[in-house]
Every structure is written in C-alpha cells, then in structure tokens.
Amino acid sequence: RYQSMRGWAWDTDFPDADLNFSYRLQQLTSIHTDPDGVVLELTDPRLFDYPFIYIIEPGHIYLEEEERQALRLYLLNGGFLMVDDFWGQDEWDGLKRELDLIFPDREPRDLPLEHQIFHCVYDLKERPQVPAIGFAHQMANGQVYSAQGYGTEEVHYKGLFDDNNRMMAIICHNTDLGDGWEREGEDPWYFKEFSEKKAYPMGINIIFYAMTH
C-alpha cells in the first residue's frame, strides 16, 4: 500500500479494471481466470502462489525493506510484475528510485515494437498509449495536446530481465491500460478507440507472454 498526491494509490481503477479485465481475458482467450482477483501485501506468503501481479500508479511508491526483499525474491523465482498508469519524468524518477533499491544491478530496457510481447496474441502496429478517459475527451476536443500533460507525449514500455534474459516485469509508462479496462462501459467512443483497440489487446498480450516465457 502506498500513497500518491491524491491519496492511497494502490486501489486506483479497482475493482472495475480487475473485474473487467479478468472477464475479457477469459472471454477472448483460453486462459481461465478468478473473476474476483486477489489483493495482497508484498509480504504475504501467498504472493508466491500467483504468477502475475499488477501495481498501478507507482510514481510515488515507497516500500519497506522487507517488501523490497519479497518482491525481489518473487521476481527472481519466476514471478511477473506489470506496472501501469504513471506519467511524466517525476513519476518515472519515483518508481526508478525503488527499482534501484530492489535491483541495483539491473536497468530496465526499452521494448521495441518488434518485441514479441506486442505480437504474441494481437499483432499490434504500435506501442499503445491509453489516456485516462477525461484526458481522452479533452484531446478529442483539442483542449490538450498530449495524453496527460507536458512530458507525457511518448509512451514507454520497458522490461526488467533476470540473468537468463527472462522478462520479470513490464513497466508501462505514460499510458493507463487500467483505465481502458475500468471505463469500458462508460462511453462507447472511449471503449471503441481505447479499450477495444489498445488496452485489452495489450493487456492480453502481456498476460499471455508472461505465462508462456
């Protein structure tokens, strides 16, 4: 659990994003999902029962040392982490500080469009950027020029790898896949342009890649 400028950040988009994505994942693939999902502390021993974890809005994250140790052990022993919905240089720096404490000897690497994670189920033609629904409407009306304000123009997908070159984590920066899952029922235009075309395909690709590599 960690705090952002808006309060507790861990439950942003929760539970609708989790519920909707679990439903779509089972609907569109052969992967069976728990429709309710599980919320865990990093220090919970049950963490190692789950092959995939999702952390959202980590731009102001702070972990205790025992949480860092647990996450390091989880990832090095085959777990996979997806990080999503943080924007701009300041929030990148905030996450990077924690990553450097967890893995001082590992540097996240940019994932080019040619990487298999963008093509393993859905053959994506771009690295998708999903703005939050409010910013999407402002962009459509010409009120703002980028997905989430200055410094968020370019989306970044970065991988964190172990010694065997297995991707342990994907870091989705300057995009909000979770909003594409959470808000699918609120606006047909947003669903068609961002949920259907970008957020769900990318999320499904990430899960499939994590489960098969």
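**Cavities and their linings**

Analyst: This is a predicted model. In the second largest cavity, at least two lining residues each come from helix 2 (65–76), strand 4, helix 3 and strand 7 (167–173).

User: Which residues line the second largest cavity, and how many of them are nonpolar, polar and charged?

Analyst: The lining consists of L71, L75, L81, V83, L99, I102, F103, L160, A169 and I171. Leu, Ile, Val, Phe and Ala count as nonpolar. By class, the lining therefore has no polar and no charged residues, and the nonpolar ones number ten.

User: What is the volume of the second largest cavity?

Analyst: The structure holds two cavities of 30 Å³ or more. For the second largest cavity, the volume is about 40 Å³.

User: What is the volume of the largest cavity?

Analyst: The residues around the largest cavity are I55, P58, I61, L63, L71, L81, V83, L95, E98, L99 and I102. The volume of the largest cavity is about 80 Å³.

User: Which element gives the most to the lining of the largest cavity?

Analyst: The elements that give two or more residues to this lining are strand 4 (80–84) and helix 3 (88–102). With four residues, the one that gives the most is helix 3.

User: Which residue in the lining of the largest cavity is charged?

Analyst: By class, this lining has ten nonpolar, no polar and one charged residues. Glu counts as charged, and the lining includes E98. The charged residue is therefore E98.

Definitions and conventions:
Residues numbered from 1 in each chain as written. Predicted model: local features only at pLDDT ≥ 70, side-chain atom pairs only at ≥ 80, totals over all residues. Heavy atoms only, no water. 1 Å grid on protein atoms, 1.4 Å probe; cavity = no way out; pocket = protein on both sides within 12 Å on 5 of 7 lines; lining within 4 Å. Points joined across faces, edges and corners; volume = space filled by probe spheres on them.
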